[in-house]
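Open the model in your viewer and keep the sequence panel beside it. The stops below are meant to be selected one after another.

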Amino acid sequence: MNDIEAKIQLIDYHVHLSRYLSIEDAVANFKSKNMQFGIVEHPGRIANIVDDKTLLSYIQNIHSFNAFAGLQPILPNWHEMFSSEAISKLDYVTMDALEIPDGKGSREKIWEQRFILYNKATFMDRYIDFHMDVMENGKSDILANPTFLPICLAPDYYRLWTDKRMNKII
């Protein structure tokens, strides 16, 4: 490690707690690496972050462990669940474009192995448009996984992520 690397504080803003990773384990892990970290949860019934009371309780709990408290909403209208005052207590909000509208009222989970598409160019156009929608309307601070591609497109990654597509998102 050189002098510059030693002076840069590393931070992982995308840590999800689970039955396999407790907050205590995360604290120990990141402390051993001399890193800071942030916990993100998906607001809604699964994480039981559904209103101001549950959001503020979540933030207070995460902050008590000296970690950043963030949210990773899936739906663009997530902020309607909470007051602006409660949202302002978060350290950050991160969103991604991994559940893309299918044009029929449902959402396609493109990270799932079973995701299949039939026209790569059409998908990429929809995917870029959805990235733009997430950035413009999602009320988030960080765009997560910006160049992720479904498994079925991975072999064409460098051909599909053209400069024009990347520059639009950047």
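**Before you start**

This is a predicted model, in which local features need pLDDT of at least 70 and side-chain atom pairs count only at pLDDT 80 or more, while totals for chains, interfaces and linings use all residues. Residues are numbered from 1 along each chain as its sequence is written, and side-chain values use heavy atoms, with hydrogens and water left out.

**Stop 1: the whole chain**

Show the chain as a cartoon. There are 7 helices and 7 strands; helices (H or I, at least four residues) and strands (E, at least two) are DSSP runs, numbered from the N terminus. Followed from the N terminus, the order is α-β-α-β-α-β-α-β-β-β-α-β-α-α. The C-alpha trace spans about 50 × 45 × 30 Å along its principal axes.

The chain exposes about 10900 Å², of which carbon and sulfur atoms supply 52%; accessible areas come from the Shrake-Rupley method with a 1.4 Å probe, and for residues only the protein chains shown count as cover. Of the 170 residues, 35% are buried. Buried means under 20% relative accessible area, exposed means over 50%, and partly exposed lies in between (1.4 Å probe, protein chains only).

Contacts (heavy atoms within 4.5 Å) also describe the chain. Among those with a separation of 6 or more, 61% are between residues 24 or more positions apart.

**Stop 2: the largest nonpolar core**

Select F37, L55, Y58, L71, F123, M124 and Y127. In the largest nonpolar core, which has 37 residues, these touch the most other members. A nonpolar core is a set of buried Ala, Val, Leu, Ile, Met, Phe, Trp, Tyr and Cys residues joined through side-chain atoms within 4.5 Å. At least two residues of this core come from each of α2 (23–32), β2 (36–41), α3 (52–63), β3 (68–71), β4 (92–95) and α5 (120–137). The most come from α5, which gives 6 residues.

Stay on L55. Not counting residues up to four places away in sequence, L55 touches I49, L71, F82, A86, I87 and L90.

**Stop 3: helix α2**

Select I23, A26 and F30, the buried residues of α2. Seen down the axis of α2, these fall within an arc of 55°, so they line one face of the helix; the arc is that of the directions from the helix axis to the C-beta atoms. Their cover includes β1 (11–15), β2 and α3. Turn to the face away from the buried side to find the exposed residues K31 and S32.

Next, centre on F30. F30 counts as buried because its relative accessibility is 6%. Leaving aside neighbours within four places in sequence, F30 is in contact with D12, V15, M35, Q36 and F37.

**Stop 4: two loops**

Which loop holds N34? N34 lies in the loop between α2 and β2. N34 counts as exposed, at 62% relative accessibility, and its phi is near 55°, a positive value in a residue other than glycine.

Finally, go to N66, in the loop between α3 and β3. N66 is not a glycine either, yet has a positive phi of about 65°. N66 is exposed, with a relative accessible area of 76%.
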